[in-house]
Amino acid sequence: MPAQPPVRLPGSADPVDFRAHGRYRTLGRPAPVFRGRIGRMPGSGFTADPRRYHVYVCLACPRSLRAAITRDLRRLGDVVTVSAVDPVRDGRGWAFRSGDGHGPDAVGGFALLREAYEATEYHYEGPVSVPVLWDRWSGRIVSNQSSDILADLATAFPGSGPDLYPAALSTELAYYAALFDDDIWEAAQQAGRARAGARYDEAVRTVLRALTMLERRLAPGGFLLGPELTAADVHLWTTLLHVDAVHRLHLHADDVRRIAEHPALWDYFARLHEIPAFRDNLRLDHINRHHRSSCRGPAASGSGVPVVDWPRVSGLAAVGGTAAEPCG
């Protein structure tokens with residue numbers, strides 16, 4: 001084992017300042033820059049050693065939330081560490097600050113997550129995304145490709161817990177990942193941006209078709225792909241969470257009611273919430289703070305129509321907040 005890196009003092013950024021730094025802007029989803037894999041690329045040196053790796057997440061980000069849930073489902077708490085950035089970012093990007101559920105960076109000693117990117121690539125000038133898989137030994141980023149990070153957390157270490165990527169279900173896992181990203185997440189985003197008209201109507205129809213298909217599949221109970229929990233369930237749960245916590249705020253009330261009229265689907269959401277890996281990583285307050293600070297569009301009538309019955313969902317006191325809050 002190589003020499004351990006020096007202990008760094010925790011790094012912490014100045015308070016958020018939109019006046020001085022403006023708002024952080026990206027054009028769509030940034031492409032991953034770093035694509036290292038743990039134990040999969042001969043000669044890369046990224047071996048699956050315990051406590052070598054750290055994952056930086058933002059619990060308002062669904063891809064980050066999937067990483068945190070995957071780590072806990074695989075019981076890697078003593079193998080891979082994790083910490084969260086402040087869910088509110090100004091023009092400097094993700095930062096480490098003291099707060100409820102996030103704090104200074106005690107691993108790399110960074111004030112801004114951009115510093116981890118710059119430590120990996122000299123004069124890095126690209127976007128800064130989460131999650132980030134960090135290598136303590138080399139002091140650089142292994143990957144910022146979320147799908148690779150999820151797969152490595154689930155399969156590269158000899159942890160226990162469910163087999164989230166069974167080989168026999170690889171085709172189904174890929175199909176549902178595309179469905180959740182394109183026909184629910186992206187379509188809901190398009191509807192919120194359009195607000196009305198033909199584009200809005202078509203986007204909402206796309207979302208409802210996907211939800212209706214999932215409702216039929218989940219009606220018998222169990223998990224999405226059978227009797228065992230898989231990565232598809234983690235992906236679907238985080239997608240449904242953001243439908244309720246973010247997307248419905250920009251939809252018409254009647255359309256939100258149609259979304260809520262899928263009892264098997266939302267019962268499934270509540271059942272998964274009872275699993276500690278899901279429940280303990282959920283921070284509605286982080287989602288609300290991020291959305292309110294980054295969304296500039298007006299709230300629609302759907303913001304007053306609940307989808308998830310949060311008072312019925314157990315453990316609400318631990319997740320921070322009670323419902324989605326409209327943006328300004």
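This is a predicted model: local features need pLDDT of at least 70, side-chain atom pairs count only at pLDDT 80 or more; totals for chains, interfaces and linings use all residues.

Student: Why is helix H4 called largely enclosed by the rest of the structure?
Tutor: Buried means under 20% relative accessible area. Eight of the ten residues of H4, which spans residues 146–155, are buried, so the helix is largely enclosed. Among the buried residues are Asp148, Ile149, Leu150 and Leu153.

Student: What covers the buried residues of H4?
Tutor: The cover includes strand E1 (53–57) and helix H2 (62–73), along with strands E3 (132–135) and E4 (140–143).

Student: Why does Leu218 count as buried?
Tutor: The cut-off is under 20% relative accessible area. Leu218 has 1% relative accessibility, so it counts as buried. Leu218 lies in helix H6. Leaving aside residues up to four places away in sequence, Leu218 touches Phe223, Leu224, Leu236, Ala264, Leu265 and Tyr268.

Student: Why are H6 and H8 called roughly parallel?
Tutor: Angles under 35 degrees count as roughly parallel. The axes of H6 (residues 197–218) and H8 (residues 253–260) cross at roughly 15° and come within 10 Å. The two helices are therefore roughly parallel to each other. Their crossing is left-handed.

Student: Which residues make that contact, between H6 and H8?
Tutor: H6 contributes Tyr200, Val204, Leu208 and Leu211, while H8 contributes Asp255, Arg258 and Ile259. By class, the contact of H6 with H8 has five nonpolar, no polar and two charged residues.

Student: What makes H7 and H9 perpendicular or parallel?
Tutor: The range for roughly perpendicular is 65 to 115 degrees. H7 (residues 231–245) and H9 (residues 263–273) pack at an angle of about 110°, with their axes 10 Å apart. H7 and H9 are therefore roughly perpendicular to each other. The crossing of H7 and H9 is left-handed.

Student: Which residues of H7 and H9 make the contact?
Tutor: On H7 they are Asp233, Leu236, Trp237, Leu240, Leu241 and Val243, and on H9 they are Leu265, Trp266, Tyr268, Phe269, Leu272 and His273. These residues divide into ten nonpolar, one polar and one charged.

Conventions. Residues are numbered from 1 along each chain as its sequence is written. Side-chain values use heavy atoms; hydrogens and water are left out. Buried means under 20% relative accessible area, exposed over 50%, partly exposed in between (1.4 Å probe, protein chains only). Helices (H or I, at least four residues) and strands (E, at least two) are DSSP runs, numbered from the N terminus. Contact means heavy atoms within 4.5 Å. Axes are lines fitted to C-alpha atoms, for helices over the stretch in contact, and angles run from 0 to 180 degrees between N-to-C directions. Angles under 35 degrees count as roughly parallel, over 145 as roughly antiparallel, 65 to 115 as roughly perpendicular and the rest as oblique. A crossing is left-handed if the near helix is turned anticlockwise from the far one by less than a right angle, and right-handed if clockwise. Ala, Val, Leu, Ile, Met, Phe, Trp, Tyr, Cys and Pro count as nonpolar, Asp, Glu, Lys and Arg as charged, and the others, Gly among them, as polar.
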